[in-house]
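Good morning, and thank you for coming.

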Amino acid sequence: MLTDPRFTLSTPQQRSSSCINSLRNLILHRHHHHRRRRRHFPANRALSFRIRNRFCRSESIVCQAAAAEMTVGSAVDVAEKRLLVLGEELLSDVHDNIVLTPDAGDGFCNGAFIGVVSDGVGSRRVFPVGKLRGLRFVCVFRFKLWWMTQRMGSYGHEVPFETQFLLVEVKEDGSHFTSGNVHAGEKQSALYAVFLPIIEGDFRAVLQGNSQDELEICLESGKEIVNTMNEYDTLGDPAVDGFEGTNLVYVAAGSDPFDVITNAVKSVERHLQTFSHRERKKMPDMLNWFGWCTWDAFYTDVTAEGVGQGLESMKKGGIHPKFVIIDDGWQSVGMDPAGTEFVSDNSANFANRLTRIKENHKFQRKGNDGNRVDDSFRHVISDIKDEHSLKYVYVWHAITGYWGGVTPGVTEMEHYESTMAYPKTSPGVQSHEPDQALDSMSKNGLGLVNPEKVFSFYNELHSYLASAGIDGVKVDVQNILETLGAGHGGRIKLARKYHMALEASIARNFPDNGIISCMSHNTDGLYSARKTAVIRASDDFWPRDPASHTIHIASVAYNTIFLGEFMQPDWDMFHSLHPMAEYHAAARAVGGCAIYVSDKPGQHDFKLLKKLVLPDGTILRAKLPGRPTKDCLFSDPVRDGKSLLKIWNINDYTGVIGVFNCQGAGWCKVGKKYLIHDELPGTITGTIRANDVKYLGRVAEAGWSGDAIVYGHLNGEVVYLPQNASLPITLKAKEYEVFTLVPVKELSNGVKFAPIGLIKMFNSGGAIKDLIYESDRSATVNLKVQGSGVFGAFSSNKPKKIVVDAEELVFDYDESALVTLELRTPEKELHFWNITVEL
């Protein structure tokens with residue numbers, strides 16, 4: 001009998017005892033197998049994918065693992081060809097070669113690993129698991145090499161290629177079950193299961209569906225060139241060392257979807273020990289300040305003078321960016337003589353390669369003799385910082401140096417030993433949207449720095465930038481590494497070497513963890529990121545594509561369900577002067593992200609920007625990655641014609657919800673691009689509730705009744721929302737609203753009070769930095785509030801007096817019980833007003 005209380009093994013009597021012993025050894029000792037002597041193969045052997053059946057070979061008794069009824073505690077079982085989670089069927093017709101391995105962690109997650117038994121050989125294998133039918137799911141999948149987006153469905157055939165995250169609503173009615181996280185007999189409203197395809201050895205797993213509604217595991221190593229959808233050419237990489245195939249997909253279940261996801265990712269973190277959860281990472285301070293990016297303003301024509309013009313233009317309107325991203329266009333690059341140029345007015349020339357570490361002539365200072373001045377870049381950056389009171393300057397570079405890599409053999413960079421490589425993508429990526437950058441790099445090749453020299457490359461680049469006053473980097477084009485693994489031990493080994501070197505260089509040269517990860521939506525990188533804390537969360541903001549804007553908001557929100565466990569998602573730049581500017585601005589206000597624009601000089605909406613940015617350049621950033629509310633997880637807010645998208649977040653003492661009508665456009669799996677499928681999407685009505693904001697109870701006072709105040713940013717209305725009550729919201733196409741939700745506190749004299757914050761800002765409640773009820777005397781409220789403008793609060797009785805920094809101020813009180821007063825602009829940066837309200 002197995003002694004681990006978290007699982008039991010039940011088999012029919014006719015099964016041999018040797019099978020039981022072998023399976024027991026597989027489960028209990030799987031962490032020790034990598035220590036055994038590894039097999040070595042001649043260099044000319046074809047890459048082989050070997051998932052060895054190391055148990056129950058005799059008479060093929062337990063080769064059929066699904067026939068054995070495995071029980072992993074009460075959480076994840078395979079019984080009678082059904083995959084069960086907490087007693088509910090998740091998949092049916094589970095294949096006989098599917099095995100479960102219990103999570104060997106601390107037991108706080110109801111989870112197990114799905115593996116397969118196979119003697120298959122190859123660098124890409126597909127294994128059916130079981131049938132998914134009639135259960136709502138949401139998944140995020142790569143629709144481009146670089147980026148993910150969401151899809152909803154109810155059947156396995158709807159799960160796309162390159163699915164990297166899958167959440168299933170297993171049960172939506174109340175049920176009774178017991179787990180490590182739930183008290184016995186406690187009624188639960190729903191049951192959710194998450195699938196996380198992960199990395200084992202040199203192989204990366206993703207999910208996909210087939211025409212029989214089977215959920216499949218697709219494994220790839222990237223050790224062979226993919227020529228077509230079905231043919232592969234061997235490059236002679238050594239075979240996989242010590243790969244077993246027992247831990248390919250992590251599955252976990254529980255009653256709260258957000259908790260299930262977080263706990264599952266933490267379990268995988270503990271298992272792989274190759275990445276860190278977002279909560280354990282240092283967030284760069286630039287997230288807390290307003291910024292400007294040069295990309296849409298200038299594209300690659302950016303100059304030092306242009307940077308100054310853009311910053312000066314915003315300063316004249318009373319907006320003070322505190323960080324700038326100098327995007328593509330500052331580096332020294334060139335084409336090979338025989339290269340094919342890529343020409344576009346809003347893109348880089350992907351055929352260019354890096355020709356030296358230092359900046360190009362547009363960012364150099366010339367002396368009287370016309371020659372470059374020593375420390376030229378440092379002088380340019382210093383001038384920009386000093387003249388515009390900038391705190392941080394970031395610059396762009398590709399993970400391979402530039403789009404086309406590093407020019408092989410070029411003077412001063414020979415020691416990086418770059419060699420020409422030609423990207424080859426996997427069938428899953430090929431089945432989705434074509435990409436011009438990838439096509440150009442595949443045709444022209446890419447100068448790939450020797451992985452053994454890549455730390456030297458990054459360190460020399462970053463140390464030079466740091467010496468010039470640069471504070472961080474936006475590292476782009478990251479997923480190109482997965483196409484270059486052949487000849488380098490496969491995609492996982494190559495990615496790990498590059499990411500380890502990159503993070504080591506960042507830690508050495510940019511102490512504030514100054515890095516933004518971009519074009520990086522693959523699990524090769526996510527499961528290799530120990531320190532990187534910020535990630536671009538979706539495809540670009542495309543100012544000229546009217547189909548893209550509602551899609552952008554929805555994609556970021558749903559991608560964040562997964563990405564937000566690894567890093568703080570970055571919603572990308574936007575334009576403050578644009579038909580969809582308010583829509584984008586509102587989304588970023590609830591996203592918990594950095595807020596920055598890419599306005600051309602002179603093209604700004606300062607009224608809009610002042611809803612996001614305080615006079616000192618700070619922003620009221622929410623605490624968490626903004627995600628869809630629980631009731632939106634499985635609805636399709638871009639295609640179903642009936643659902644609104646609600647995005648929730650939390651502040652120190654309040655919650656915030658952004659509501660968006662995103663209907664009318666989506667990524668088309670047939671056309672393989674963004675398409676408007678409804679030119680006139682209709683008006684939609686939904687509801688908001690206090691419990692839409694997860695954790696609102698955690699920021700409320702002890703003993704909170706559940707009552708809340710809801711303040712609408714656009715309509716300016718204050719609504720008292722009793723516990724479990726809902727508020728209707730109706731939006732036309734491309735409309736939005738932002739609501740601040742505040743727990744109501746009843747004071748000792750019976751007065752009910754709820755501070756809202758700076759009511760002219762999108763995220764009003766983000767301004768409240770401290771809140772104490774009746775600390776020194778009864779019927780008083782003490783607050784610390786950041787910023788300036790109109791401060792508002794709900795009070796069931798008119799306050800007797802309000803004092804701000806020892807000065808009594810005049811205030812207004814209206815029939816909706818809204819208290820308002822004006823806070824002047826503080827003289828010092830990051831000033832918190834001390835406000836006392838006597839009631």
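A residue is called buried when its relative accessible area is under 20%. Please also bear in mind that what you see is a predicted model.

Let us begin with strand 21, which covers residues 290-293. In which directions do the residues of strand 21 point? F290 and W292 point one way, while G291 and C293 point the other way. All four of these residues are buried. In general, the side chains of a regular strand alternate between the two faces of the sheet.

Now consider the partners of strand 21. Which strands are joined to strand 21 by three bridges and run parallel to it? One is strand 32, residues 595-597, which is parallel to strand 21 and connected to it by three bridges. Here F290 stands opposite I595. Another is strand 22, residues 323-326, again parallel and again with three bridges to strand 21. In strand 22, F323 is the bridge partner of G291.

The model holds 10 cavities of 30 Å³ or more. The largest cavity contains about 80 Å³ of space. It is lined by 13 residues, and those closest to its centre are Q478, H499, S517, A529 and M567.

Which helix gives the most to this lining? Helix 9 does, with three residues. Helix 9 (491-509), strand 29 (515-517) and helix 10 (523-526) each supply at least two lining residues.

How values were computed
Residues numbered from 1 in each chain as written. Predicted model: local features only at pLDDT ≥ 70, side-chain atom pairs only at ≥ 80, totals over all residues. Heavy atoms only, no water. 1 Å grid on protein atoms, 1.4 Å probe; cavity = no way out; pocket = protein on both sides within 12 Å on 5 of 7 lines; lining within 4 Å. Points joined across faces, edges and corners; volume = space filled by probe spheres on them. Helix = DSSP H or I, 4+ residues; strand = E, 2+ residues; numbered from the N terminus. Buried < 20%, exposed > 50% of the residue type's maximum accessible area, 1.4 Å probe, protein only. Pairing = 2+ DSSP bridges.
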